[in-house]
Amino acid sequence: MLRYDSSGKPFIIIRDQDQKERLTGSEARKANILAAMTVANLMKTSIGPLGMDKILVDQDGEVTATNDGATILKNMQVENPIAKLLVELSQGQDDEIGDGTTSVVVLAGALLEESLSLLEKGIHPSKISEGYEKACDIAVKHLISICDKIEFDKENCGSLIKAAKTSLGSKIVNQYTDKIAKISVEAVLAVADLERKDVRFDLIKLEGKTGGTLGETELIDGIIIPKNFSHPQMPKQIKNAKIAILTCPFEPPKPKTGHKLDIDSVKKYKELLEIEQNYFKEMTDLVKKSGATLVLCQWGFDDEANHLLLQKELPSVRWVSGTDIELIAIATGARIVPRFSELTEKKLGKAGMVTEKSIGTTDEKMIVIEKCSNTKTVTILVKGGNKMVVEEGKRSIHDALCVTRNLIKDNRIVYGGGAAEISCSVAVNKASKEIKGIEQYSIRAFSEALLSVPIALASNSGLNSLEAVSEIQLKQMKDKKPFLGIDCLSKGTDNMKEQNVFDTLRGKIQQFLLATQMAKMILKIDDIIRPTGQY
Amino acid sequence: MSEAYQPARILNQGSTQEKAEGARLSNFVGAIALSDLISTTLGPKGMDKILQSPSNLLDSTITNDGATILSSIQISNPAAKILIEISKVQDDEIGDGTTSVVVLAGELLKEAEKLIHKRIHPQTIIKGFRLAKNIALKKLKEIAQDHSENEEDLKKYLKKIAMTIFSTKILTPYKSIFADLAVESILRLKGSTNLESIQILKKTGGLLKESYIEEGFVLDKKLGVGQPKRIENAKILVANTSMDYDKIKIFGSRVVVNSSSKLAEIEEEEKKKMLRKCQKIVDHGINVFINRQLIYNLPEQFFTDHGVVSIEHADFAGIERLSLVTGGEIVSTFDHPELVTLGTAKVIEEIMIGEDKLIRFSGCKEPSACTIILRGSSKQILDEAERSLHDGLAVLSQMVKNPKTVLGAGCTEIIMAQAIEEAAKETSGKIQIAMEAFARALTRIPIIIANNAGYDAEQLVSELKTSHYKGNTTFGVDVMNGKVCDVQELGIIESFLVKKGMLLKASEATEMILRVDHIMYSAPRQRGMN
């Protein structure tokens with residue numbers, strides 16, 4: 001677009017069409033929908049217990065192998081704006097719920113795919129949106145009506161373990177689901193406040209370590225920090241430790257204001273020397289006086305200070321990371337002390353046992369803090385034969401932890417294996433017939449889209465997907481049993497109640513809501529402007 | 001209209017992806033190529049490889065060690081990277097079996113590829129492999145012999161294991177000597193797995209078989225100038241403090257003077273400060289002072305005058321070992337001599353090995369650390385000998401903790417394979433085929449070992465299988481003579497942990513690679529952008 005200024009020179013408002021790609025109206029919509037479908041199709045093969053993994057090679061050639069939707073999308077380098085939206089969508093589900101990150105993308109893709117044919121019928125996108133909105137309402141209400149409650153308490157957590165197992169079933173850890181599900185549930189229960197239905201997630205630490213197999217993953221009642229004691233001759237084990245947590249270095253202070261200290265005579269030189277020596281003594285004396293038997297410091301130590309600590313029998317650890325410091329402070333009831341002078345006995349934390357352990361043939365060490373006084377804090381130490389397995393194990397356990405947490409917050413569940421989706425699809429389809437107008441079409445389309453997840457599930461399991469899904473649909477309608485689903489593992493029953501496959505209600509609702517929202521948003525776009533030549 | 005119907009491009013410019021069959025093919029090709037590359041180094045008659053560093057063509061390494069070879073080759077294939085990673089972990093955790101773990105994973109993938117061509121779903125293969133792995137592991141545990149009870153026995157077995165390990169390395173001709181060296185030094189550790197306390201000193205010159213374990217501890221440093229070369233009943237202070245110039249560690253301080261006389265005064269004061277520190281050190285009542293950092297001439301002179309021998313610049317590892325050996329603590333402040341534990345040694349003396357002067361500490365308090373002196377005619381030989389020795393030491397140190405052994409020479413693999421085949425007969429469905437494939441992959445290991453030795457491998461291994469079926473379950477392949485014979489008699493024994501690590505890691509990696517149906521490559525980071 002050109003305009004001319006007062007002297008007649010042209011200037012450009014929007015660059016010419018040949019410089020700029022622009023898609024409008026239905027073209028834009030179709031391009032967007034296609035992009036979204038491409039991403040969704042990519043993710044489809046990861047769904048379910050027999051879903052496949054993806055390898056992602058990052059910019060530096062590092063390899064990640066994963067089954068987690070959010071991780072795949074996050075590490076894929078997408079440039080398409082719509083694909084980016086889907087990445088955000090999966091991220092949103094991950095942040096809120098932690099599980100079901102793949103299904104939400106597949107569902108959004110299916111909703112958009114269905115809308116494609118509606119658009120071709122000439123239905124206005126905003127009408128489609130409205131229909132989706134209504135259908136989503138119906139589906140959520142239906143979900144609530146078919147949900148079950150599970151009961152559990154601290155001793156009796158079998159049902160929680162079953163839920164965690166469903167989440168772990170699709171990951172590489174599924175060989176050891178029994179053990180890892182149990183660990184995850186125990187970890188969550190250890191930090192959970194069942195009365196307030198609150199789980200303090202920050203008290204669970206996931207630490208990875210190569211060596212051994214995933215089956216050797218263990219739950220440690222305490223905290224592990226990948227550090228060693230600052231002096232090789234400090235004791236390797238401290239019982240009933242009183243812990244001082246410091247965020248100031250064992251070094252002479254470095255004031256933040258710029259200054260220079262000029263030494264121009266021997267006297268001054270001597271004075272300064274004395275001050276320096278005293279600093280170290282004062283520091284260690286203050287720590288000793290407070291009654292601490294273990295010092296954890298966020299910063300480094302001067303050699304001299306380090307030796308003084310050894311001499312005063314104060315085992316200490318340096319360069320402890322900020323997050324670890326906070327965690328230990330919570331667990332042991334210690335206060336984080338920023339200055340030596342403020343250290344008092346009250347501010348010390350307590351732990352029953354602190355040990356330094358070495359692992360394998362290399363000189364790697366870690367410090368285990370157990371029997372912390374205050375709150376329960378637990379660490380899950382994930383082991384595995386290689387780095388990639390350990391990382392994937394950590395991600396899978398994180399998902400299982402999230403599921404357990406969600407169940408503690410809200411103990412309502414729906415059945416998995418596609419049962420909930422199929423049941424909702426049937427309900428939405430039925431409801432659509434009572435609605436007047438064009439919306440009926442889009443509501444029906446929604447019910448079709450809901451089937452995308454069970455279809456993907458069935459096809460990944462090597463079943464004749466459409467046949468299997470329609471069979472379940474029929475059965476559900478006939479028997480009025482909303483807990484019939486796809487029998488992915490050929491266990492011989494499609495009763496998900498018996499197979500103990502279930503998801504959280506919260507997670508499912510969230511999936512429906514987020515996917516619908518995303519579909520509506522993408523449908524609303526009717527113009528894409530992007531400069532060319534840049535790519 | 002045109003763009004709307006073209007498949008949308010989702011990924012960044014330069015990013016690529018491989019899907020389904022393509023991805024699987026690329027994984028198989030990469031992993032199998034890697035395992036084929038390294039399979040020739042397997043076994044007592046395996047060959048070595050020369051590794052040349054890309055930056056310095058003169059700097060080459062000759063080795064037989066799987067982990068070393070794999071960590072030196074640069075690879076972009078993701079599946080091959082996973083294999084390199086398992087080999088590295090096996091090295092860190094157990095120390096040996098770094099080649100076999102990769103070869104087994106490669107063979108498993110080869111079998112899996114065939115099954116996929118037969119239209120068996122990867123997940124089914126994984127299921128079968130898992131079952132097979134569990135059976136193999138159970139069998140492995142069953143046949144493992146525990147030697148924890150009898151100490152004398154343990155020592156004998158340790159030696160045998162060390163001999164088995166060294167027989168695949170450059171040390172073969174002298175494996176008995178080195179096995180003794182390794183067992184001796186491991187037993188000194190008294191159950192600790194910290195191999196840092198075993199120091200390996202490499203000195204060119206002489207022959208490999210002239211290597212020996214030094215009674216006491218050897219430090220590759222020199223004594224101060226003009227100091228006695230032999231000290232008896234040494235009292236040692238091990239320190240980590242600056243003895244070059246000791247500046248005041250207060251931020252922002254600097255010396256500003258307006259006349260040269262003042263400068264001289266301050267210099268004098270600095271000197272005094274250093275001498276005061278030296279005096280404090282001497283006041284500990286020591287006759288040997290060892291510092292991690294440099295010692296300048298002035299303090300060295302002071303120590304010589306006061307009859308204290310000083311050793312400078314002993315590095316971190318050296319200092320820690322020294323404090324371990326002599327029992328002294330590492331000191332950085334010197335105000336409280338009464339609180340400091342001094343180290344002791346009966347004799348400290350300067351010795352010559354080849355052309356180099358070294359310091360030997362003998363008659364120390366804690367003989368848990370020791371020094372092995374390796375001799376050899378070239379740097380490459382010494383490096384390879386060190387790697388082999390390290391492998392042996394690592395396995396032995398783990399063995400002391402978990403003294404279980406299994407038979408080597410392909411015997412264990414055949415037993416496991418046959419256990420799987422037995423179980424497969426009772427399993428119906430496609431899983432059976434996958435289990436049989438797993439057993440075949442296990443059998444491939446003795447085949448490769450025999451192949452590398454230049455025998456008719458298939459013939460030998462089938463003979464071996466027959467003898468196992470006949471009940472001679474201790475038989476294996478004798479690659480020295482190309483015959484099937486009783487391994488128990490030959491004394492070829494391997495660590496249970498090595499075999500277990502190999503089995504578990506290889507199957508875990510295989511499973512991981514089989515599960516993949518899509519590879520996405522990011523655009524390589526642009527170099528030189530910033």
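Contact, in what follows, means heavy atoms within 4.5 Å. Good morning, colleagues. The structure is a predicted model, in which local features need pLDDT of at least 70 and side-chain atom pairs count only at pLDDT 80 or more, while totals for chains, interfaces and linings use all residues. Residues are numbered from 1 along each chain as its sequence is written, chains are lettered from A and ligands numbered from 1 in the order in which they are written, and side-chain values use heavy atoms, with hydrogens and water left out.

Let me begin with the lysine at A:K347. Its place is in the loop between strand 16 (336–337) and strand 17 (349–359) of chain A; helices (H or I, at least four residues) and strands (E, at least two) are DSSP runs, numbered from the N terminus. Leaving aside neighbours within four places in sequence, A:K347 is in contact with A:I243, A:A334, A:R335, A:V337 and A:E342. The C-alpha atoms of A:K347 and A:K205 are separated by 23 Å, and these residues are 142 apart along the chain.

I turn now to the interface. How many residues of chain A are in contact with chain B? There are 94 from chain A, in contact with 91 of chain B. The area buried between the two chains is about 7800 Å², and carbon and sulfur atoms give 54% of that area. Buried area here is the accessible area (1.4 Å probe) that two parts lose on being put together, summed over both.

Between chain A and chain B the count is three salt bridges, a salt bridge being a side-chain nitrogen of Lys or Arg within 4 Å of a carboxyl oxygen of Asp or Glu. One joins B:R515 to A:D53, with the closest N and O atoms 2.9 Å apart. On the side of chain A that touches chain B, helix 8 (residues 266–289) of chain A gives the most, with eleven residues. By class, that side has 39 nonpolar, 31 polar and 24 charged residues. Ala, Val, Leu, Ile, Met, Phe, Trp, Tyr, Cys and Pro count as nonpolar, Asp, Glu, Lys and Arg as charged, and the others, Gly among them, as polar.

B:D517 and A:K54 also meet through their side chains in a salt bridge, at 3.2 Å from N to O. This pair crosses between chains, from strand 20 (residues 516–521) of chain B, which holds B:D517, to strand 4 (residues 53–57) of chain A, which holds A:K54. Over all chains, the search finds 32 salt bridges.

Finally, two backbone details. Most residues other than glycine have a negative phi. A:W319, not a glycine, has a positive phi of about 55°, and is found in the loop between strand 15 (316–317) and helix 10 (322–332) of chain A. A:N500, likewise not a glycine, has a positive phi of about 60°. Where does A:N500 lie? A:N500 is in the loop between helix 16 (496–499) and strand 21 (502–504) of chain A.

Thank you for your attention.
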